[in-house]
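Please read this briefing alongside the model.

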Amino acid sequence: MIPTKLLDGYKRFISGYFSHNQAALHKLIEGQAPEVAIVACCDARVDPAFIFDVSPGDIFVIRNVANLVPPFEAEGHYHGTSAALEFAVTKLLVKHIVILAHARCGGIQTLLDKDDNVPSDFLGKWMSIARKARESVLQHNPTMSGQERARACEKAAALHSRGNLMTFPWVAARVKQGTLTLHAWYYDLENGSLEQL
């Protein structure tokens with residue numbers, strides 16, 4: 001059964017935003033041309049379109065657990081994040097990629113609480129992308145409280161992901177050409193602040 005909240009929201013969308021913005025939405029039928037791609041967490045509390053108050057078509061959003069970017073590799077496995085990045089950079093020609101990290105990230109907490117005895121089909125392997133960020137935070141900040149450690153790791157993982165972007169040849173080429181800029185930002189859901197890392 002479809003949740004009533006979704007259907008009610010859809011009805012409000014059709015009678016409100018959709019009916020009042022026909023001209024702008026009609027232009028989007030021909031295609032999209034966002035200048036910014038955002039790699040964001042799939043956390044339900046952190047919606048980039050809502051945070052940045054943008055309209056449909058303004059940003060290309062790639063969401064996954066803990067807003068991670070894996071390093072480039074071509075082993076023939078499924079690569080949802082890598083495929084979306086390739087589309088954004090080579091087809092849409094975005095001018096900016098933003099890694100949008102956030103406070104109280106469950107994925108990062110899972111990484112910090114790493115327990116090899118807990119079975120995980122996908123999450124543990126995915127979070128291993130940020131293993132170096134975790135190790136660095138734990139090594140250089142042994143006296144931090146749990147919350148301080150989590151925030152440090154959230155930020156370190158975002159910077160690590162920004163670094164991983166440069167392992168993709170088509171990202172590195174456009175950065176060197178000066179047609180693409182990479183960013184790492186940190187959104188604090190507690191107070192609404194946005195920090196450039």
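The notes below go from the overall fold to individual sites.

This is a predicted model, in which local features need pLDDT of at least 70 and side-chain atom pairs count only at pLDDT 80 or more, whereas totals for chains, interfaces and linings use all residues. Residues are numbered from 1 along each chain as its sequence is written, and side-chain values use heavy atoms, with hydrogens and water left out.

**Overall fold**

- The protein chain has 9 helices and 5 strands, where helices (H or I, at least four residues) and strands (E, at least two) are DSSP runs numbered from the N terminus.
- Along the sequence, these elements follow the pattern α-α-β-α-β-α-β-α-α-α-α-α-β-β, and the C-alpha trace spans about 55 × 45 × 35 Å along its principal axes.
- Of the 197 residues of the protein chain, 34% count as buried; buried means under 20% relative accessible area, exposed over 50%, and partly exposed in between, with a 1.4 Å probe and protein chains only.
- Among contacts (heavy atoms within 4.5 Å) between residues at least 6 apart in sequence, 69% join residues at least 24 apart.

**Helix α9, strand β4 and helix α4**

- The buried residues of α9 are W170, V171, A172 and R174, and they pack against α4, α8 and β4 (181-187).
- Helix α9 is followed by G178, whose phi is positive, near 85 degrees.
- L182, which is found in strand β4, is buried with a relative accessible area of 18%.
- Leaving aside neighbours within four places in sequence, L182 is in contact with I97, R162, L165, M166, V171 and V175.
- The C-alpha atoms of L182 and E86 are separated by 14 Å, although these residues lie 96 residues apart along the chain.
- T81 belongs to helix α4 (residues 80-91) and counts as buried because its relative accessibility is 8%.
- When neighbours within four places in sequence are set aside, the contacts of T81 are I62, N64, L68, P70 and W126.

**Cavity**

- A search of the whole structure finds 1 cavity of 30 Å³ or more, and the largest cavity has a volume of about 30 Å³.
- On a 1 Å grid over the protein atoms alone, a cavity is a set of points where a 1.4 Å probe fits but cannot get out, and lining residues have an atom within 4 Å of a point.
- Grid points are joined across faces, edges and corners, and the volume is the space filled by probe spheres set on the points.
- The lining of the largest cavity consists of A66, N67, A101, H102, C105, I108, E154 and A157, and the elements that give two or more residues to this lining are β3 (96-102) and α8 (146-165).
- By class, the lining has 5 nonpolar, 2 polar and 1 charged residues, where Ala, Val, Leu, Ile, Met, Phe, Trp, Tyr, Cys and Pro count as nonpolar, Asp, Glu, Lys and Arg as charged, and the others, Gly among them, as polar.

**Aromatic rings and a charge over a ring**

- Rings of Phe, Tyr and Trp (its six-membered ring) pair if their centres lie within 6.5 Å, and planes under 30 degrees apart count as stacked, over 60 as edge-to-face and the rest as tilted; by this rule the count comes to 6 aromatic pairs.
- F72 and F168 form an edge-to-face pair, with 5.5 Å centre to centre and 85 degrees between the planes.
- This pair links distant parts of the chain, since F72 lies in the loop between β2 (59-64) and α4 and F168 in the loop between α8 and α9 (169-177), 96 residues apart.
- F72 is partly exposed, with a relative accessible area of 39%, whereas F168 is buried, with a relative accessible area of 1%.
- Ring pairs also link F13, Y17 and F18 into a cluster.
- The charged end of K155 sits over the ring of Y186, 4.9 Å from its centre; the rule requires NZ of Lys or CZ of Arg within 6 Å of the ring centre and within 35 degrees of the ring normal.

**Positive phi outside glycine**

- D53, which is not a glycine, has a positive phi of about 50 degrees; D53 lies in the loop between α3 (48-51) and β2 and is exposed, with a relative accessible area of 69%.
- N67 is likewise a residue other than glycine with a positive phi, near 45 degrees; N67 is found in the loop between β2 and α4 and counts as buried at 3% relative accessibility.

Technical notes
On a 1 Å grid over the protein atoms alone, a cavity is a set of points where a 1.4 Å probe fits but cannot get out, and a pocket is an open set with protein on both sides within 12 Å along at least five of seven lines; lining residues have an atom within 4 Å of a point.
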